[in-house]
Amino acid sequence: MIVAYALGSYANNISISAGEFHGGITIQGYDKAPENFQITGGAFKSNPSKYLKDNYEAVVESDSLYHVRAKTPAPADIYSLKFERDAVEVLVGAPTRVTTTLTQNGTELPDYGLELAGEVPEWLELKFEGNAVVLTASEEGKCDVTISAMVGGAIKTRAALTVNAVKTQPTPGPIDPAPKPVKPVIGNVSDDVKAEIKPELAVTEGDPAKAAKNIGDALTVEQLTIKDGNTIVKPEVAVKAANKLGTLSSVTSKDVVALPVFTTPAIDAYKDKTIMISYEVLGSDLKAKKPADVKVMKILGAENGELFTYASAITKDMDKKFTVMKDDDSGTIFTGDIDGYTMYRLALFIKDGGKFDLDGKKDGAVADPTVILGAEKRAPSGGCNAGFGVLALLLSLAALPLVYKRKK
């Protein structure tokens, strides 16, 4: 038992840093201001929290005693702002949109603001559209632009983007952005459609072993690989599945753009609903002139796949369908000519627990390996019709002498 008395301004003059105390604690006339009475360690039957030194705590452990230790300071929030690429070429006179991502301690934040930090040259106009930066150059030039990210009106971090303005069209190359999931926008649809279609941000996986587990038994870890930090289906696996379809001309690896394997969070309210996922994709990676000509294949197994069906509008029945949208937050479906240098949003629709949901459960989540294909559709062979045509011709030729003889 600890019993101590303090009178007036006299200090208690007790210091405890170790030991076990199974009695009570009574400190009369105690004033915490004097530092002579400090409990910084030890184990106590009675809760000593009242008498602990600042920044210390008492935690009950398996022996049912209060163990005193220093508090673990809460880690400082770490914010990171990233552009879709660190350097961007813009064509003079043509607005170029660059998306950003802000994370807090590694978790992506959906809501944040952007503002310019510093100045930009007169030849460069800069605007912000949601979480994106729109750059327009009036002449050739090169500069670094620093952007601040704000949460709740406070600046949390900054990042720099190198801008290179050119008068000739940039050539797509290694710096082209890889397809990545973005938060989908369903657009202006009726309430009954909103009740069925549930937009959800996809979560990619950088570990092929975990990705293979997420998609059940559809693919093994050996059939997956890493590209741009995300797990994708190996091109040769997609080629086998595409050629087995029989509806496309011979597919090779150069015809395949693999989208990152993803899952979505399991949400009870989304059970048995159709989940909408969007990818930000460069026009050249869509490998088509019109949205309706884009070919998106769901990988269902090592040598099995099925094409998504194109939809020009979002309705209640969207399972196994896709559409192409403008790369903004308007939810506008794009129906014009696809420009290879423009970003678009490829929206996929997968019903929870359906054929295209490879986690195999009705749990409000979907798992997906998908590829875009550039091969042309195979033209019908018409073999049977041609055979009948030849046979009819032979019969008609055989009948000619008979007719001639009758006339004679």
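## Lys320 and its loop

Lys320 is placed in the loop between strand E28 (309-310) and strand E29 (residues 321-326); helices (H or I, at least four residues) and strands (E, at least two) are DSSP runs, numbered from the N terminus. This is a predicted model, in which local features need pLDDT of at least 70 and side-chain atom pairs count only at pLDDT 80 or more, while totals for chains, interfaces and linings use all residues. Residues are numbered from 1 along each chain as its sequence is written, and side-chain values use heavy atoms, with hydrogens and water left out.

Lys320 is not a glycine, yet its phi is positive, near 65°. Most residues other than glycine have a negative phi. With a relative accessibility of 25%, Lys320 counts as partly exposed; buried means under 20% relative accessible area, exposed over 50%, and partly exposed in between (1.4 Å probe, protein chains only). The charged end of Lys320 sits over the ring of Phe356, 5.6 Å from its centre. This description requires NZ of Lys or CZ of Arg to be within 6 Å of the ring centre and within 35 degrees of the ring normal.

Asn105 belongs to the loop between strand E11 (96-104) and strand E12 (107-109), and it is partly exposed at 44% relative accessible area.

## Strand E30 and its partners

Strand E30 (residues 343-351) has eight of its nine residues buried, so it is largely enclosed by the rest of the structure. Two strands pair if DSSP finds at least two bridges between them. Strand E25 (residues 274-282) pairs with E30 in the antiparallel sense over nine bridges, and Ile275 stands opposite Ile350 in E30. Strand E29 and E30 are likewise antiparallel, with six bridges; here Thr323 stands opposite Ala347.

Rings of Phe, Tyr and Trp (its six-membered ring) pair if their centres lie within 6.5 Å; planes under 30 degrees apart count as stacked, over 60 as edge-to-face and the rest as tilted. By this rule there are five aromatic pairs. Among them, Phe262 and Tyr279 are edge-to-face, 6.0 Å centre to centre with 65° between the planes. Phe262 lies in strand E24 (residues 262-263) and Tyr279 in strand E25, so the pair ties together parts that are 17 residues apart in sequence. Phe262 is buried at 1% relative accessible area, and Tyr279 is buried at 0%.

Four strands form an open antiparallel sheet in the order E23-E32-E26-E27. Strand E23 (256-258) and strand E27 (304-307) stand at the edges, each with a single partner strand, so one side of each is left without a neighbour in the sheet. Neighbouring strands of this sheet are turned by 35° against each other on average, direction ignored.

E23 pairs with strand E32 (residues 370-373) over three bridges, where Ala258 has Val371 as its bridge partner. Helix H3 (residues 235-245) lies across E23, strand E26 (295-301), E27 and E32, running at about 100° to E26. Axes are lines fitted to C-alpha atoms, for helices over the stretch in contact (heavy atoms within 4.5 Å), and angles run from 0 to 180 degrees between N-to-C directions.

## The protein as a whole

The protein has five helices and 32 strands, and buried residues make up 40% of its 408 residues. Of the contacts with a separation of 6 or more, 60% come from residues 24 or more positions apart. The accessible surface comes to about 21,800 Å², of which 51% belongs to carbon and sulfur atoms; accessible areas come from the Shrake-Rupley method with a 1.4 Å probe, and for residues only the protein chains shown count as cover.
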